[in-house]
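Subject: Structure for you to look at

Hello,

I am passing on the structure we talked about. Please open it next to this message; my notes follow below.

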Amino acid sequence: MAFLTKLREFSAWHTVAPPLVFFAMLLVVGVFNSNYLGPLGISIATASAAPILLVALGQSMVLNIGSIDLSNAAISLVGAILLAMTIPAFGVGAMIAVLALLTVIGAINGLILAYTHVPSFALTLGTLGILQTTALVVSGSETIYLSENRELVTTLYSAKLFYIPLTFWMGVVVAVAYWVLLRLTRVGQNMTAVGKNESGAILSAIPTKWVKVIAFAISGFTGGLAGIAIVAQAGSASASGLGSALLLPGIAAALVGGTSISGGLTNPLNVVFGALTVAFVPIAIQAIGFNAAAQSLVYGIFIIAVVTLTTTRTRGLVIK
Amino acid sequence: MRNLSIKNLSGPTGILAALVVLIVLFSLLNPRFASVENLQNVLFQVSVPLIIVVGTSLVIQMGSIDLSVEGVMGAAGMAWILLSPNTRLEGDIGVWAWFVALGLGLVLGLITGAIYAKLKVPSFVVSLGTWYVGLGIAILLYGNALLPSLTSEALARWPTQLTLGLPNCFWLAAVILAAGVFVSHYTKFGRGLMAIGNNEPIARSNGMPVDRYKIAAFAIAGTLCGLAGILATMQLGSGSPDIGFGQLFVVIPAAVIGGTALSGGEGGVIRSAIGVFLLIILNNGLVLAGVDPDYQSGVFGMILLIAVIAVAWPQRGRLKVAK
């Protein structure tokens with residue numbers, strides 16, 4: 001315990017915890033069953049982590065400004081459906097158009113938030129409902145299979161670099177890009193400032209409204225990339241198929257990756273490990289030989305334990 | 001003066017008016033809407049979310065959030081049916097099944113509250129965790145065997161039986177609602193929760209046992225979710241880990257539409273209850289009016305959007321901070 005306390009006082013605890021948790025889990029799995037750490041295990045884990053990672057990256061950018069985007073997983077699902085419908089006819093152009101559309105949807109979330117001062121939880125819960133209906137209506141409640149130009153997206157999943165599919169690498173590239181954005185650009189610094197202290201940011205003449213719009217637009221854009229990853233993996237899209245339950249894993253991955261739910265603290269590079277951890281839990285449970293039915297239980301205990309270990313506790317801070 | 005008029009608009013009057021408009025509109029669209037059978041049907045549907053929303057409001061009033069609803073419902077519902085007369089196990093322990101299932105809800109709520117208040121982990125995260133934990137317990141109880149169905153006719157019929165013209169399940173919900181109103185308005189504890197939501201540091205410096213109140217609020221919410229899980233299982237007649245599916249996205253919008261601010265310190269149990277009525281009647285009316293059920297979540301979403309914007313609009317300000 002003394003060691004833990006010391007580690008917590010160590011200012012970089014936040015940055016080391018997420019990879020530490022992931023590698024600790026790898027170690028445990030390796031002890032029980034080394035087969036899961038082979039090439040096949042790696043490609044399965046990273047493939048299932050890819051959509052979670054992309055959704056989580058968008059979510060962590062929104063959490064960083066102190067808001068939450070409950071609609072971003074639904075955005076990626078709508079995106080996947082639209083992609084499956086348009087790629088056969090328009091190819092790459094369709095991908096660009098869908099990404100642009102989803103970025104606009106995200107930005108609309110941000111605009112409503114910035115100009116009406118509604119709580120983001122309630123607002124995005126509303127847009128979540130609308131997007132769910134959109135997904136059902138657009139797809140006609142059916143599974144849409146990619147007929148032509150199938151290889152255009154599915155290669156993203158089937159082509160592998162170091163046993164890891166390109167969809168996951170796409171997530172890593174986005175993570176690095178967002179890390180650069182947050183750490184090295186003025187826009188990124190403004191976002192963190194809004195998350196740490198919004199009143200302070202307003203009084204410092206930071207364009208807080210635009211910061212919010214940009215953060216939500218990023219969330220929509222990244223949701224679109226997650227949509228591409230879904231279509232690449234499944235070769236099809238439907239309102240209830242692969243990717244329809246990404247919201248909670250996405251939030252969990254962002255939190256396990258050390259993102260603070262109250263804002264002002266995120267590290268996109270660590271979200272990569274958060275997503276890997278979240279995607280690896282079911283595999284780990286199987287490897288250790290637990291009943292597959294225990295998955296949810298372990299998942300829940302895991303989220304609480306990891307966040308309990310990494311959350312900030314300043315004296316006098318009000319935790320909601 | 002400005003503040004007064006805002007209070008009136010965002011208060012129960014506005015939402016009650018909306019409710020009346022909906023009822024009139026749906027009655028005109030389909031005469032069956034206003035029939036006695038449909039009224040009983042609405043009361044049947046409304047009772048489960050009504051029980052949950054009492055706990056949800058108490059938690060939201062103090063500025064926290066409880067996402068664990070569906071998981072706790074699943075765990076309690078499964079525990080209850082496996083200990084009542086059912087097709088799977090011979091483990092009927094009669095009335096004690098209620099105590100075990102409600103106790104499970106209570107313990108899950110206590111765990112959420114204790115980790116939140118004592119270990120200072122945001123309630124959003126803790127209750128997300130206990131959602132999974134509850135769901136996990138339910139799935140483990142469910143196992144791979146047959147679907148457990150209720151074999152006791154008396155228990156299966158109880159929710160739909162009429163007492164004084166109203167279904168029993170609604171009476172149960174009404175009693176819980178009345179108790180909730182009493183606790184939140186007329187007890188030190190209830191006022192304390194509101195004070196915590198308004199300004200926690202001040203509540204604390206006035207010597208209020210803030211941590212204990214927080215834990216108690218989550219414990220109540222957990223127990224009520226347990227009760228809702230039992231009732232939903234009874235209504236369905238068989239057990240399922242997903243018995244609470246979709247309830248979270250009824251009760252939280254209902255609380256918000258009713259004017260309970262997610263930042264805490266505002267709203268109340270009654271307002272959230274009216275929100276539940278609004279959403280369920282809306283759903284029922286749309287089905288009767290022949291609208292495709294696919295549109296349900298979209299309509300809910302639209303209403304939620306309009307409601308939050310209408311509440312927040314007069315309170316906009318350049319320096320306002322809304323998370």
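How many residue pairs are in polar contact between chain B and chain A? The count is two, both at pLDDT 80 or more. Please keep in mind that this is a predicted model.

The interface

No salt bridges are counted between chain B and chain A. The two chains bury about 4600 Å² between them, and 74% of that area is on carbon and sulfur atoms. In terms of residues, 55 of chain B are in contact with 54 of chain A.

On the side of chain B that touches chain A, the elements giving two or more residues are helix 5 (96-118), helix 6 (123-142), helix 10 (200-205), helix 12 (248-257) and helix 14 (296-312) of chain B. Helix 6 of chain B gives the most, with 15 residues. Sorted by class, this side of chain B has 35 nonpolar, twelve polar and eight charged residues.

Salt bridges

Over all chains, the count comes to five salt bridges. One of the salt bridges is formed by E200(B) with R204(B), where the closest N and O atoms are 3.0 Å apart. Both residues lie in helix 10 of chain B, four residues apart, which is about one turn of the helix. As a general point, side chains of opposite charge can pair when their charged atoms come close.

A helix pair in chain A

Helix 5 (residues 92-116) and helix 6 (residues 120-139) of chain A pack at an angle of about 145 degrees, and their axes are 10 Å apart. The crossing of helix 5 of chain A past helix 6 of chain A is right-handed. From helix 5 of chain A, the contact is made by I105(A), N109(A), I112(A) and L113(A). Helix 6 of chain A contributes S120(A), L123(A), T124(A), T127(A) and L131(A) to the contact. By class, the contact between these helices of chain A has five nonpolar and four polar residues, with no charged residues.

One residue in chain A

V172(A) is placed in helix 8 (residues 166-184) of chain A. Leaving aside residues up to four places away in sequence, V172(A) touches L53(A) and V272(A). K160(A) is twelve residues from V172(A) along the chain, and the C-alpha atoms of the two are separated by 14 Å.

Regards

Terms used: Residues are numbered from 1 along each chain as its sequence is written. Chains are lettered from A and ligands numbered from 1 in the order in which they are written. This is a predicted model: local features need pLDDT of at least 70, side-chain atom pairs count only at pLDDT 80 or more; totals for chains, interfaces and linings use all residues. Side-chain values use heavy atoms; hydrogens and water are left out. Axes are lines fitted to C-alpha atoms, for helices over the stretch in contact, and angles run from 0 to 180 degrees between N-to-C directions. A crossing is left-handed if the near helix is turned anticlockwise from the far one by less than a right angle, and right-handed if clockwise. Contact means heavy atoms within 4.5 Å. Ala, Val, Leu, Ile, Met, Phe, Trp, Tyr, Cys and Pro count as nonpolar, Asp, Glu, Lys and Arg as charged, and the others, Gly among them, as polar. Buried area is the accessible area (1.4 Å probe) that two parts lose on being put together, summed over both. A salt bridge is a side-chain nitrogen of Lys or Arg within 4 Å of a carboxyl oxygen of Asp or Glu. A polar contact is a pair of N or O atoms within 3.5 Å; within protein, one must be able to donate a hydrogen and the other to accept it, and residues adjacent in sequence count only if both atoms are side-chain atoms.
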